[in-house]
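Here is a short briefing to read alongside the model. Take a moment with the picture first, then come back for the details.

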Amino acid sequence: MKKFYALVVMLVASATALFAQGPNMQAPIPADPSVRIGKLDNGLTYYIKHNAKPEKQGEFYILHNVGAIQEEDSQIGLAHFLEHMAFNGTKNFPDNGLRDYLETIGVKFGYNLNAGTGPDQTIYNISSVPLLREGIIDSCLLILHDWSYFVSLLPEEIDKERGVIVEELRTYNTAGFRMQEKNAPTVFNGSKYAYRNIIGSEQQLRSFSHQELRDFYHRWYRTDLQAIVVVGDFDVDQMEARIKKVMADIPAVENPAPKVLVPIPGNTEPLVSVATDPEAPQNRVTIYYKSDPLPPAFNSLVVGEKIAIAKILVSRMAGYRLEEISQKPDAPFVAAAAFDTDLTATCDVFAAIAIARDNETGRAFKSIYEEMERIYRFGFTDGELERVKTELLRECEQAYDNRNDRRS
């Protein structure tokens, strides 16, 4: 993959050398001691943290390390469909029992009760739960328990939900979504990610078999790919004991299917995609500079943190450069930004984006490309670096000063 800016490329390319230089680079960054981390015999991981703000409230999450990229061609859209079905009946909360119960304690569907499906992960949350009595805690944990392995997936409920998601699909019929679909084969370089748009197609949603959905659920929703996260105003020891009790009967899947990471093929020459739509409200140009993610082993090491900080500094300095250009009277774009993020689980990107003025799309692209090339060749000035270092340090100090006043 084509690498970009000199500072980060140098750091990423030399990560192994840094790792070997001495104890400082190899030193692990310890986990927050206030977070209780454990794993049950069935493989389910849990994270528990006491936090007193808001008072007598809690947040309950179940994270699934699985998403649309795990779908087979016959299952496109089913990861998202399954997310919907988790609210339409489980072992201990049949029919609409889950939503009905939570509404009695002030947790409303779509606000405090929600979920989200992505290419690589699926997350369910029950938020702002009033911890007024022990039964509420047990019930919320029981909901997470059911989402893990005991979603009912009744045929009649599946068929009722088809129309709901088809209507949701129709809301996707926007210029932005259509152009995203056109660009996906180029952005993801023909990989499987290009053909997993999360929601699927109307034909697929109306025709998939009930068994296909059940197969996806029992193949991928399993304890070795799941984690429970609970944060709030409660006793951590008591919460841990409750989790161990409630989650103990979730079975571990025997002979689990391996979760295969899907790479995005590299390219030596630039890949170009142009997508137009008569309803597009603005002209936007984007440049992605792709790179391989750091090995997971670096995530909890000093060297990984140093690289992460370097990426933040580079992104901010590049962003300020583009912002200064946008403020010039003859600027070809009205706004621009630069940032570093993960495109997928197997691909990081540095992105430069500009909103072009009317009939100035070519100039806008030329301008941000030249600025990125200038950064690549010559880097940044000492003044630019000092500015963002001071800014980031101030933010870190503020976060530390407010560490005991954070909302759950």
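Helix H12 (residues 302-326) lies across E8 and E9, and H12 runs at about 160° to E8. Please keep in mind that this is a predicted model.

- E8 and E9 belong to an open sheet of three strands, in the order E7-E9-E8, with antiparallel pairing.
- Strand E7 (283-291) and strand E8 (333-344) stand at the edges, each with a single partner strand, so one side of each has no neighbour in the sheet.
- From one strand to the next, the twist averages 15°.
- E7 pairs with strand E9 (residues 347-356) in the antiparallel sense, over nine bridges.
- If you want a spot to look at, find Lys290, which stands opposite Val349 in E9.

**Helix H11**
- Buried residues in H11 are Val236, Met239, Glu240, Arg242, Ile243, Val246 and Met247.
- These residues cover an arc of only 160° around the axis, which puts them on the same side of H11.
- What covers them includes strand E1 (35-39), strand E2 (45-50), strand E3 (57-64), helix H6 (134-149) and strand E6 (226-232).
- At the start of H11, Asp235 has a side-chain oxygen within 3.1 Å of the backbone nitrogen of Asp237.

Terms used: Residues numbered from 1 in each chain as written. Predicted model: local features only at pLDDT ≥ 70, side-chain atom pairs only at ≥ 80, totals over all residues. Heavy atoms only, no water. Pairing = 2+ DSSP bridges. Helix = DSSP H or I, 4+ residues; strand = E, 2+ residues; numbered from the N terminus. Axes fitted to C-alpha atoms, helices over the stretch in contact; angles between N-to-C directions. Contact = heavy atoms within 4.5 Å. Buried < 20%, exposed > 50% of the residue type's maximum accessible area, 1.4 Å probe, protein only. Arc of directions from axis to C-beta. Polar contact = N/O pair within 3.5 Å; in protein donor to acceptor, adjacent residues only side chain to side chain.
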